[in-house]
Amino acid sequence: MNYKLAVIPGDGIGPDIIREAKKVLNKVGEIYGHNFEYTDLLAGGAALDAEGIPLPQKTMDVCKESDSVLLGAVGGPKWDNLDGKMRPEQALLGLRRGLGLFANLRPAVLFNELKAACPLKDEIIGDDGLDIMCVRELTGGIYFGKRGTEGTKAFDTLEYSEEEVRRIAIRAFDIAMKRNKKVTSVDKANILDSSRLWRKVVDEVAKDYPEVSYEHMYVDNAAMQLIRYPKQFDVILTGNMFGDILSDEASMITGSIGMLPSASLGETGKGMYEPIHGSAPDIAGQNIANPIATILSVSMMLRYSFNLEKEADAVENAVKLVLEKGYRTKDICAGAPSIGTDEMGDLIVKELK
(Lines give C-alpha, C1' and ligand atoms only; values in the text may rest on other atoms or scores of the structure.)
Protein backbone atom coordinates (compact mmCIF):
# COMPACT_ATOMS: atom_id res chain seq x y z
CA MET A 1 0.00 0.00 0.00
CA ASN A 2 1.01 3.60 -0.64
CA TYR A 3 0.30 6.23 2.01
CA LYS A 4 0.66 9.99 1.55
CA LEU A 5 1.75 11.72 4.74
CA ALA A 6 1.81 15.43 5.45
CA VAL A 7 4.79 15.97 7.76
CA ILE A 8 5.16 19.10 9.89
CA PRO A 9 8.52 19.04 11.70
CA GLY A 10 7.71 22.35 13.38
CA ASP A 11 9.97 24.08 15.90
CA GLY A 12 12.66 23.26 18.45
CA ILE A 13 13.23 19.53 18.72
CA GLY A 14 10.46 18.87 16.19
CA PRO A 15 12.81 18.17 13.27
CA ASP A 16 15.02 15.96 15.50
CA ILE A 17 12.21 13.64 16.57
CA ILE A 18 10.43 13.61 13.21
CA ARG A 19 13.63 12.36 11.60
CA GLU A 20 13.58 9.29 13.85
CA ALA A 21 9.88 8.69 13.24
CA LYS A 22 10.52 8.60 9.50
CA LYS A 23 13.26 6.01 10.04
CA VAL A 24 10.76 3.78 11.81
CA LEU A 25 8.07 4.26 9.18
CA ASN A 26 10.52 3.48 6.39
CA LYS A 27 11.54 0.25 8.12
CA VAL A 28 7.91 -0.72 8.66
CA GLY A 29 7.30 -0.14 4.97
CA GLU A 30 10.31 -2.27 4.06
CA ILE A 31 9.20 -5.17 6.26
CA TYR A 32 5.48 -5.14 5.48
CA GLY A 33 5.42 -3.94 1.89
CA HIS A 34 4.14 -0.38 2.32
CA ASN A 35 5.38 2.90 0.87
CA PHE A 36 5.17 6.09 2.87
CA GLU A 37 5.40 9.26 0.78
CA TYR A 38 6.28 12.38 2.78
CA THR A 39 5.56 16.03 2.08
CA ASP A 40 7.35 18.31 4.55
CA LEU A 41 5.39 21.43 5.46
CA LEU A 42 5.69 24.60 7.54
CA ALA A 43 3.56 25.46 10.57
CA GLY A 44 4.04 27.25 13.88
CA GLY A 45 7.13 29.36 14.49
CA ALA A 46 8.94 28.03 11.43
CA ALA A 47 6.04 29.25 9.27
CA LEU A 48 5.98 32.61 11.03
CA ASP A 49 9.66 33.12 10.30
CA ALA A 50 9.38 32.04 6.68
CA GLU A 51 5.95 33.35 5.65
CA GLY A 52 4.71 35.63 8.43
CA ILE A 53 1.73 33.47 9.46
CA PRO A 54 1.52 30.38 11.72
CA LEU A 55 -0.50 28.23 9.30
CA PRO A 56 0.07 28.83 5.56
CA GLN A 57 -2.74 27.86 3.20
CA LYS A 58 -0.44 25.42 1.39
CA THR A 59 0.08 23.50 4.62
CA MET A 60 -3.65 23.20 5.19
CA ASP A 61 -4.31 22.20 1.56
CA VAL A 62 -1.68 19.44 1.58
CA CYS A 63 -2.89 18.14 4.95
CA LYS A 64 -6.42 17.86 3.59
CA GLU A 65 -5.18 15.94 0.56
CA SER A 66 -2.99 13.55 2.55
CA ASP A 67 -3.90 10.27 4.20
CA SER A 68 -2.68 11.49 7.58
CA VAL A 69 -0.58 14.16 9.30
CA LEU A 70 2.56 13.68 11.40
CA LEU A 71 3.53 16.66 13.57
CA GLY A 72 6.65 17.32 15.64
CA ALA A 73 6.14 20.31 17.94
CA VAL A 74 5.39 24.02 17.61
CA GLY A 75 6.13 27.13 19.64
CA GLY A 76 8.88 28.55 21.78
CA PRO A 77 9.85 31.67 23.72
CA LYS A 78 11.05 33.36 20.51
CA TRP A 79 7.41 34.01 19.59
CA ASP A 80 5.89 34.50 23.06
CA ASN A 81 5.32 38.22 22.66
CA LEU A 82 3.26 38.00 19.48
CA ASP A 83 -0.45 38.82 19.38
CA GLY A 84 -2.63 35.83 20.31
CA LYS A 85 -3.83 35.28 16.74
CA MET A 86 -0.25 35.13 15.48
CA ARG A 87 1.24 32.78 18.06
CA PRO A 88 2.63 29.47 16.75
CA GLU A 89 0.03 27.48 18.69
CA GLN A 90 -2.68 28.95 16.47
CA ALA A 91 -1.43 26.53 13.82
CA LEU A 92 -2.56 23.61 15.99
CA LEU A 93 -6.01 25.09 16.53
CA GLY A 94 -6.32 25.84 12.81
CA LEU A 95 -5.30 22.32 11.80
CA ARG A 96 -7.72 20.73 14.26
CA ARG A 97 -10.57 22.92 13.08
CA GLY A 98 -9.74 22.68 9.38
CA LEU A 99 -9.37 18.89 9.43
CA GLY A 100 -12.38 18.34 11.68
CA LEU A 101 -10.31 16.60 14.37
CA PHE A 102 -12.56 16.60 17.42
CA ALA A 103 -11.21 13.63 19.42
CA ASN A 104 -7.78 13.69 21.03
CA LEU A 105 -6.55 10.32 22.30
CA ARG A 106 -3.69 10.47 24.79
CA PRO A 107 -2.60 7.10 26.18
CA ALA A 108 -0.67 7.34 29.43
CA VAL A 109 1.24 4.08 29.75
CA LEU A 110 3.90 3.38 32.35
CA PHE A 111 6.31 0.77 31.03
CA ASN A 112 7.47 -1.54 33.83
CA GLU A 113 11.03 -0.84 32.71
CA LEU A 114 10.54 2.82 33.66
CA LYS A 115 8.95 2.39 37.09
CA ALA A 116 11.98 4.03 38.67
CA ALA A 117 11.21 7.24 36.75
CA CYS A 118 7.65 7.44 38.10
CA PRO A 119 7.32 9.94 40.98
CA LEU A 120 4.69 7.80 42.74
CA LYS A 121 5.38 5.14 45.34
CA ASP A 122 5.68 1.50 44.27
CA GLU A 123 2.60 0.51 46.29
CA ILE A 124 0.53 2.99 44.27
CA ILE A 125 1.85 1.83 40.90
CA GLY A 126 1.62 -1.88 41.62
CA ASP A 127 3.34 -4.65 39.69
CA ASP A 128 1.58 -4.23 36.36
CA GLY A 129 2.24 -0.54 35.65
CA LEU A 130 -0.35 1.94 34.46
CA ASP A 131 -2.45 2.16 31.31
CA ILE A 132 -4.88 5.08 31.04
CA MET A 133 -6.50 6.51 27.92
CA CYS A 134 -7.45 10.21 28.05
CA VAL A 135 -10.13 11.10 25.49
CA ARG A 136 -10.22 14.88 25.16
CA GLU A 137 -12.72 16.91 23.15
CA LEU A 138 -10.59 19.01 20.84
CA THR A 139 -12.54 21.56 18.81
CA GLY A 140 -15.00 23.08 21.28
CA GLY A 141 -14.95 24.58 24.75
CA ILE A 142 -13.02 27.56 26.01
CA TYR A 143 -10.17 27.32 23.47
CA PHE A 144 -12.59 27.94 20.61
CA GLY A 145 -15.15 30.16 22.32
CA LYS A 146 -15.59 33.88 21.90
CA ARG A 147 -12.78 35.84 23.57
CA GLY A 148 -11.61 39.39 23.81
CA THR A 149 -9.99 42.16 25.82
CA GLU A 150 -11.88 45.32 26.71
CA GLY A 151 -9.78 47.88 28.53
CA THR A 152 -8.65 46.32 31.80
CA LYS A 153 -10.87 43.26 31.40
CA ALA A 154 -10.55 40.11 29.30
CA PHE A 155 -12.91 37.20 28.73
CA ASP A 156 -12.96 33.67 27.28
CA THR A 157 -16.18 31.75 26.66
CA LEU A 158 -16.70 28.08 27.48
CA GLU A 159 -19.42 26.69 25.24
CA TYR A 160 -20.50 23.21 24.15
CA SER A 161 -23.39 21.91 22.05
CA GLU A 162 -25.13 18.58 22.59
CA GLU A 163 -23.73 17.25 19.31
CA GLU A 164 -20.15 18.14 20.25
CA VAL A 165 -20.50 16.29 23.55
CA ARG A 166 -22.32 13.32 22.02
CA ARG A 167 -19.72 12.55 19.36
CA ILE A 168 -16.78 12.63 21.77
CA ALA A 169 -18.70 10.56 24.32
CA ILE A 170 -19.46 7.92 21.68
CA ARG A 171 -15.78 7.80 20.76
CA ALA A 172 -14.79 7.32 24.41
CA PHE A 173 -17.31 4.54 25.01
CA ASP A 174 -16.26 2.80 21.79
CA ILE A 175 -12.65 2.85 22.97
CA ALA A 176 -13.66 1.59 26.42
CA MET A 177 -15.35 -1.41 24.77
CA LYS A 178 -11.93 -2.45 23.45
CA ARG A 179 -10.20 -1.91 26.80
CA ASN A 180 -11.47 -2.54 30.35
CA LYS A 181 -14.99 -1.20 29.77
CA LYS A 182 -14.89 1.69 32.20
CA VAL A 183 -15.37 5.41 31.49
CA THR A 184 -14.80 8.27 33.92
CA SER A 185 -16.40 11.45 32.62
CA VAL A 186 -14.75 14.53 34.11
CA ASP A 187 -16.54 17.87 34.40
CA LYS A 188 -17.36 20.70 36.81
CA ALA A 189 -21.14 20.26 36.89
CA ASN A 190 -21.49 21.73 40.37
CA ILE A 191 -20.50 25.13 38.94
CA LEU A 192 -20.70 25.22 35.13
CA ASP A 193 -23.81 25.07 32.94
CA SER A 194 -21.70 23.65 30.12
CA SER A 195 -20.68 20.78 32.40
CA ARG A 196 -24.29 20.09 33.36
CA LEU A 197 -25.10 19.74 29.66
CA TRP A 198 -22.00 17.54 29.26
CA ARG A 199 -23.17 15.24 32.07
CA LYS A 200 -26.70 14.99 30.66
CA VAL A 201 -25.48 13.94 27.20
CA VAL A 202 -22.96 11.44 28.59
CA ASP A 203 -25.78 9.82 30.58
CA GLU A 204 -27.77 9.46 27.35
CA VAL A 205 -24.84 7.94 25.42
CA ALA A 206 -24.06 5.51 28.26
CA LYS A 207 -27.47 3.87 27.81
CA ASP A 208 -26.25 2.45 24.48
CA TYR A 209 -23.28 0.78 26.18
CA PRO A 210 -24.69 -1.42 28.96
CA GLU A 211 -21.42 -3.36 29.20
CA VAL A 212 -19.45 -0.24 30.09
CA SER A 213 -19.44 0.97 33.68
CA TYR A 214 -19.16 4.72 33.95
CA GLU A 215 -19.00 7.46 36.54
CA HIS A 216 -18.91 11.24 36.71
CA MET A 217 -16.10 13.00 38.55
CA TYR A 218 -15.41 16.68 39.21
CA VAL A 219 -12.19 17.85 37.62
CA ASP A 220 -10.54 18.91 40.88
CA ASN A 221 -11.22 15.47 42.37
CA ALA A 222 -9.96 13.79 39.19
CA ALA A 223 -6.68 15.70 39.43
CA MET A 224 -6.27 14.46 43.00
CA GLN A 225 -7.31 10.87 42.23
CA LEU A 226 -4.77 10.60 39.39
CA ILE A 227 -2.07 10.99 42.02
CA ARG A 228 -3.77 9.12 44.87
CA TYR A 229 -4.86 6.02 42.96
CA PRO A 230 -4.36 6.24 39.16
CA LYS A 231 -5.13 2.54 38.62
CA GLN A 232 -8.85 3.27 39.14
CA PHE A 233 -8.97 4.89 35.68
CA ASP A 234 -9.36 3.20 32.31
CA VAL A 235 -10.82 5.78 29.89
CA ILE A 236 -11.03 9.41 31.02
CA LEU A 237 -13.55 11.42 28.98
CA THR A 238 -13.43 15.19 29.30
CA GLY A 239 -13.58 18.56 27.59
CA ASN A 240 -10.89 20.57 25.89
CA MET A 241 -9.35 22.57 28.74
CA PHE A 242 -9.77 19.92 31.45
CA GLY A 243 -8.32 17.31 29.10
CA ASP A 244 -5.34 19.48 28.30
CA ILE A 245 -4.46 19.71 31.98
CA LEU A 246 -5.30 16.18 33.12
CA SER A 247 -3.51 14.45 30.25
CA ASP A 248 -0.29 16.32 31.09
CA GLU A 249 -0.68 15.29 34.72
CA ALA A 250 -1.20 11.68 33.64
CA SER A 251 1.88 11.91 31.46
CA MET A 252 4.15 12.79 34.36
CA ILE A 253 3.07 9.85 36.50
CA THR A 254 4.25 7.60 33.67
CA GLY A 255 7.82 8.79 34.13
CA SER A 256 8.39 11.30 31.34
CA ILE A 257 6.35 13.49 29.06
CA GLY A 258 8.84 12.44 26.36
CA MET A 259 7.27 8.97 26.28
CA LEU A 260 3.68 9.79 25.41
CA PRO A 261 2.06 9.98 21.96
CA SER A 262 -1.30 11.35 20.88
CA ALA A 263 -3.80 11.00 18.08
CA SER A 264 -6.32 13.61 16.96
CA LEU A 265 -9.17 12.06 15.00
CA GLY A 266 -12.32 13.15 13.20
CA GLU A 267 -15.20 11.36 11.56
CA THR A 268 -12.97 9.89 8.83
CA GLY A 269 -9.82 7.78 9.14
CA LYS A 270 -7.54 10.76 8.63
CA GLY A 271 -5.84 11.97 11.79
CA MET A 272 -3.03 14.12 13.11
CA TYR A 273 -0.40 12.40 15.23
CA GLU A 274 2.06 14.14 17.54
CA PRO A 275 3.94 13.74 20.82
CA ILE A 276 2.31 15.59 23.68
CA HIS A 277 5.52 17.31 24.80
CA GLY A 278 6.54 20.77 23.69
CA SER A 279 9.22 22.03 21.33
CA ALA A 280 12.00 22.25 24.00
CA PRO A 281 14.09 24.74 21.98
CA ASP A 282 16.80 24.71 24.66
CA ILE A 283 17.82 21.17 23.63
CA ALA A 284 17.08 21.39 19.89
CA GLY A 285 19.81 20.02 17.64
CA GLN A 286 21.80 18.57 20.55
CA ASN A 287 20.89 14.92 19.91
CA ILE A 288 19.41 14.45 23.40
CA ALA A 289 15.64 14.67 22.80
CA ASN A 290 13.60 11.54 23.42
CA PRO A 291 12.00 10.40 20.12
CA ILE A 292 9.87 7.63 21.65
CA ALA A 293 6.68 9.70 22.00
CA THR A 294 6.85 10.54 18.30
CA ILE A 295 7.64 6.95 17.34
CA LEU A 296 4.68 5.74 19.41
CA SER A 297 2.56 8.38 17.65
CA VAL A 298 3.54 6.61 14.42
CA SER A 299 2.24 3.40 15.96
CA MET A 300 -1.08 5.13 16.69
CA MET A 301 -1.21 6.34 13.09
CA LEU A 302 -0.70 2.83 11.78
CA ARG A 303 -3.45 1.55 14.07
CA TYR A 304 -6.11 4.26 13.95
CA SER A 305 -5.76 5.76 10.46
CA PHE A 306 -4.50 2.82 8.40
CA ASN A 307 -5.87 -0.18 10.36
CA LEU A 308 -2.42 -1.79 10.28
CA GLU A 309 -2.62 -3.64 13.58
CA LYS A 310 0.40 -5.93 13.07
CA GLU A 311 2.58 -3.01 12.06
CA ALA A 312 1.44 -0.93 15.05
CA ASP A 313 2.14 -3.83 17.41
CA ALA A 314 5.58 -4.25 15.87
CA VAL A 315 6.52 -0.63 16.60
CA GLU A 316 5.30 -0.84 20.19
CA ASN A 317 7.11 -4.14 20.75
CA ALA A 318 10.32 -2.67 19.33
CA VAL A 319 10.14 0.23 21.79
CA LYS A 320 9.53 -2.16 24.67
CA LEU A 321 12.47 -4.39 23.67
CA VAL A 322 14.85 -1.43 23.54
CA LEU A 323 13.74 -0.32 27.00
CA GLU A 324 14.05 -3.87 28.34
CA LYS A 325 17.67 -3.89 27.18
CA GLY A 326 18.33 -0.85 29.31
CA TYR A 327 18.72 1.89 26.70
CA ARG A 328 17.59 5.33 27.84
CA THR A 329 17.64 8.90 26.59
CA LYS A 330 18.63 11.61 29.03
CA ASP A 331 15.10 12.36 30.28
CA ILE A 332 14.49 8.79 31.48
CA CYS A 333 18.00 7.61 32.42
CA ALA A 334 17.62 8.41 36.16
CA GLY A 335 21.34 9.10 36.44
CA ALA A 336 22.46 6.09 34.39
CA PRO A 337 24.34 6.44 31.08
CA SER A 338 22.13 7.79 28.29
CA ILE A 339 22.06 7.56 24.50
CA GLY A 340 21.24 10.15 21.87
CA THR A 341 18.13 10.80 19.82
CA ASP A 342 19.51 9.18 16.69
CA GLU A 343 20.84 6.10 18.48
CA MET A 344 17.47 5.51 20.15
CA GLY A 345 15.80 5.69 16.75
CA ASP A 346 18.35 3.31 15.23
CA LEU A 347 17.92 0.78 18.06
CA ILE A 348 14.13 0.78 17.68
CA VAL A 349 14.47 0.27 13.92
CA LYS A 350 16.83 -2.64 14.60
CA GLU A 351 14.23 -4.33 16.83
CA LEU A 352 11.42 -4.05 14.28
CA LYS A 353 10.24 -7.43 13.05
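A salt bridge is a side-chain nitrogen of Lys or Arg within 4 Å of a carboxyl oxygen of Asp or Glu. This tour visits several of them in a predicted model, in which local features need pLDDT of at least 70, side-chain atom pairs count only at pLDDT 80 or more, and totals for chains, interfaces and linings use all residues. Residues are numbered from 1 along each chain as its sequence is written, and side-chain values use heavy atoms, with hydrogens and water left out.

**First stop: Asp 131 and Arg 179**

Select Asp 131 and Arg 179, whose side chains meet in a salt bridge (3.3 Å, N to O). Asp 131 lies in strand β5 (residues 130-137) and Arg 179 in the loop between α6 (162-177) and β8 (182-187), so the pair ties together parts that are 48 residues apart in sequence. Helices (H or I, at least four residues) and strands (E, at least two) are DSSP runs, numbered from the N terminus. Asp 131 is partly exposed, with a relative accessible area of 42%, and Arg 179 is also partly exposed, at 23%. Here buried means under 20% relative accessible area, exposed over 50%, and partly exposed in between (1.4 Å probe, protein chains only).

**Second stop: Arg 106**

Next, select Arg 106 in strand β4 (residues 103-110). Arg 106 is buried, with a relative accessible area of 10%. Its side chain forms a salt bridge with that of Asp 248 (3.3 Å, N to O). Asp 248 belongs to helix α9 (residues 240-253), and the two partners are 142 residues apart. Asp 248 is partly exposed, at 30% relative accessibility.

Colour domain 1 (1-102 + 270-352) and domain 2 (119-254) separately; the bounds come from an automatic or database domain assignment. Their C-alpha centres lie 25 Å apart. Seven residues of domain 1 are in contact (heavy atoms within 4.5 Å) with 13 residues of domain 2. Between the domains there are zero salt bridges.

**Last stop: Glu 351 and Lys 353**

Finally, select Glu 351 and Lys 353, which form a salt bridge with the closest N and O atoms 3.3 Å apart. Glu 351 is buried, at 12% relative accessible area, whereas Lys 353 is exposed, at 60%.
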